Amino acid sequence: MSSREAIEAVWRIESARLIGGLARMVRDVGVAEDLAQDALVAALETWPRSGVPDNPGAWLMATAKHRAIDLMRRNQRLATKQEELAWELGVQLAMTRVERPGDEIGDDVLALMFTCCHPVLKVEARVALTLRMLGGLTTPAIARAFLVPEATVAQRIVRAKRALADEHVRFEVPEGDQLAPRLASVLEVVYLIFNEGYTASAGEDWMRPDLCEDALRLGRILARLAPGASEAHGLVALMEIQASRLHARTDRAGNPILLLDQDRRRWDPLLIRRGLEALANAERLGLGPYGLQAAIAACHARARRPEDTDWYRITALYEQLARLSPSPVVELNRAVAIGMAFGPAAGLAHVDQLRDALPSYHLLPSVRADLLAKLGRADEARAELELAATLTDNAAEQQLLRTRAAAL
């Protein structure tokens with residue numbers, strides 16, 4: 001491995017802890033990232049000559065802290081020299097004290113997660129900032145992942161940092177009444193990243209596995225740092241089990257393969273085992289919406305063949321999910337389960353109640369087409385599939401829908 005490759009690997013591993021620790025000191029995520037980037041530049045200049053240090057994370061942190069002291073010395077915006085001296089002394093104390101225990105380092109990373117996913121930011125800004133600060137992705141990499149211009153991503157990140165500073169968002173793990181909604185915001189961002197990787201919303205590729213891996217890594221960190229949060233474990237369980245199917249979701253030519261047509265021997269048993277373990281943790285704490293979705297995914301994971309799937313249990317789980325987190329999309333998924341458990345006519349009746357609620361959602365006509373085909377209404381099914389193909393921006397999914405239509 002070259003020095004540059006080693007530095008990039010270290011950065012992906014250490015950047016979240018580095019930025020989190022610096023943000024705790026300087027109380028500004030934007031400044032913390034700038035300091036971390038300065039340390040990265042120093043590593044790029046130094047390590048090719050001196051070699052990668054034994055503890056690269058500590059080297060980066062020490063370098064960034066020295067830069068922080070220099071920054072404080074140059075900073076003319078502080079009201080008085082006494083305030084400037086207090087800042088400098090505080091940073092120097094942070095440098096000279098014994099390294100903090102691992103759980104406190106974890107607190108910094110957790111606080112960084114909550115800061116990047118603060119509700120004051122728009123969802124797309126939260127996603128971009130999280131991938132930049134916690135995922136260690138560059139702005140071009142984020143732009144490529146979401147098929148948006150690089151300038152757009154850069155602008156989102158800059159505006160997000162400014163908004164956090166302008167709103168005086170505190171760098172901390174929220175407590176009390178603030179914890180639940182803030183945690184929900186973090187989970188939403190992580191799952192949005194995963195879903196964009198699992199089924200891309202646009203472009204030529206049906207999946208972007210790198211995004212799934214980034215989301216899984218963030219979710220695992222969150223569950224480890226917040227062991228009492230049932231929904232953190234539930235989300236990890238859901239992502240692990242869904243990710244276990246990635247290799248089976250396309251054929252050799254890259255064409256999509258639907259769940260019931262997949263070769264289950266290609267599902268990753270390690271990810272399934274991890275998912276079931278995370279689900280058990282969530283069940284002990286009480287299942288929320290992500291945990292219920294994970295329990296549904298587990299029904300598929302435990303079935304060795306499609307015909308072994310317990311559709312009655314899946315239907316019951318969707319009923320619980322609909323009560324806990326009602327939405328038309330949940331009801332559409334419930335309709336699929338009803339159709340499998342009680343017959344296509346029952347499923348179709350449930351789908352038809354949702355047509356006004358999901359007028360432009362491509363999966364509604366896709367589900368409706370499957371149920372119509374099972375009822376022998378091929379012409380209607382074909383029309384629904386052709387409609388579905390016009391409602392998605394993903395080229396691979398469009399091709400799959402048109403292939404299914406042609407087969408009818």
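User: What is a nonpolar core?
Analyst: Start with the residue types: Ala, Val, Leu, Ile, Met, Phe, Trp, Tyr and Cys. Take the buried ones, joined through side-chain atoms within 4.5 Å. Such a set is a nonpolar core.

User: Which residues have the most contacts inside the largest nonpolar core?
Analyst: This is a predicted model. Its largest nonpolar core has 104 residues. Those with the most contacts inside this core are Leu22 and Phe194.

User: What does Leu22 touch, leaving aside its neighbours within four places in sequence?
Analyst: Contact here means heavy atoms within 4.5 Å. With those neighbours left aside, the partners of Leu22 are Arg27, Ala32, Leu35, Ala36, Met61, Ala64 and Lys65.

User: How many residues are in the other core that lies apart from the largest one?
Analyst: Among its residues are Leu348, Val351, Leu371 and Ala389. The size of this other core is 17 residues.

User: How do H16 and H17 run relative to each other?
Analyst: H16 covers residues 344-352 and H17 covers residues 363-374. Their axes come within 9 Å and cross at roughly 150°. Angles over 145 degrees count as roughly antiparallel, so H16 and H17 are roughly antiparallel.

User: What classes of residue make up the contact of H16 with H17?
Analyst: On the H16 side are Pro344, Gly347, Leu348, Val351 and Asp352. They meet Leu364, Val367, Arg368, Leu371, Leu372 and Lys374 in H17. By class, these residues divide into seven nonpolar, one polar and three charged.

User: Is the crossing of H16 and H17 left-handed or right-handed?
Analyst: The two axes cross at roughly 150°. The hand of the crossing of H16 and H17 is left-handed.

User: Are H9 and H10 roughly parallel or roughly antiparallel?
Analyst: H9 spans residues 179-198, and H10 spans residues 209-225. Their axes come within 6 Å and cross at roughly 155°. The cut-off for roughly antiparallel is over 145 degrees. H9 and H10 are therefore roughly antiparallel.

User: How many nonpolar, polar and charged residues does the contact of H9 with H10 have?
Analyst: H9 passes H10 in a left-handed crossing. From H9, the contact includes Leu183, Val186 and Phe194. From H10, it includes Leu211, Cys212 and Leu222. By class, the contact has 14 nonpolar, two polar and one charged residues.

User: Is Gly30 buried or exposed?
Analyst: Gly30 is found in helix H2, residues 29-50. Its relative accessible area is 9%. Buried means under 20%, so Gly30 is buried.

User: How far apart in space are Gly30 and Lys161, C-alpha to C-alpha?
Analyst: In sequence, Gly30 and Lys161 are 131 residues apart. In space, the C-alpha to C-alpha distance is 5.4 Å.

User: Is His118 buried or exposed?
Analyst: His118 is found in the loop between helix H5 and helix H6. Not counting residues up to four places away in sequence, His118 touches Arg126, Leu164, Val169 and Arg182. Its relative accessibility is 17%. The cut-off is under 20%, so His118 counts as buried.

User: What percentage of the residues in the chain is buried?
Analyst: The secondary structure comes to 19 helices and two strands. The chain has 408 residues. The buried part is 49%.

Technical notes: Residues are numbered from 1 along each chain as its sequence is written. This is a predicted model: local features need pLDDT of at least 70, side-chain atom pairs count only at pLDDT 80 or more; totals for chains, interfaces and linings use all residues. Side-chain values use heavy atoms; hydrogens and water are left out. Axes are lines fitted to C-alpha atoms, for helices over the stretch in contact, and angles run from 0 to 180 degrees between N-to-C directions. Helices (H or I, at least four residues) and strands (E, at least two) are DSSP runs, numbered from the N terminus. Angles under 35 degrees count as roughly parallel, over 145 as roughly antiparallel, 65 to 115 as roughly perpendicular and the rest as oblique. A crossing is left-handed if the near helix is turned anticlockwise from the far one by less than a right angle, and right-handed if clockwise. Ala, Val, Leu, Ile, Met, Phe, Trp, Tyr, Cys and Pro count as nonpolar, Asp, Glu, Lys and Arg as charged, and the others, Gly among them, as polar. Buried means under 20% relative accessible area, exposed over 50%, partly exposed in between (1.4 Å probe, protein chains only).
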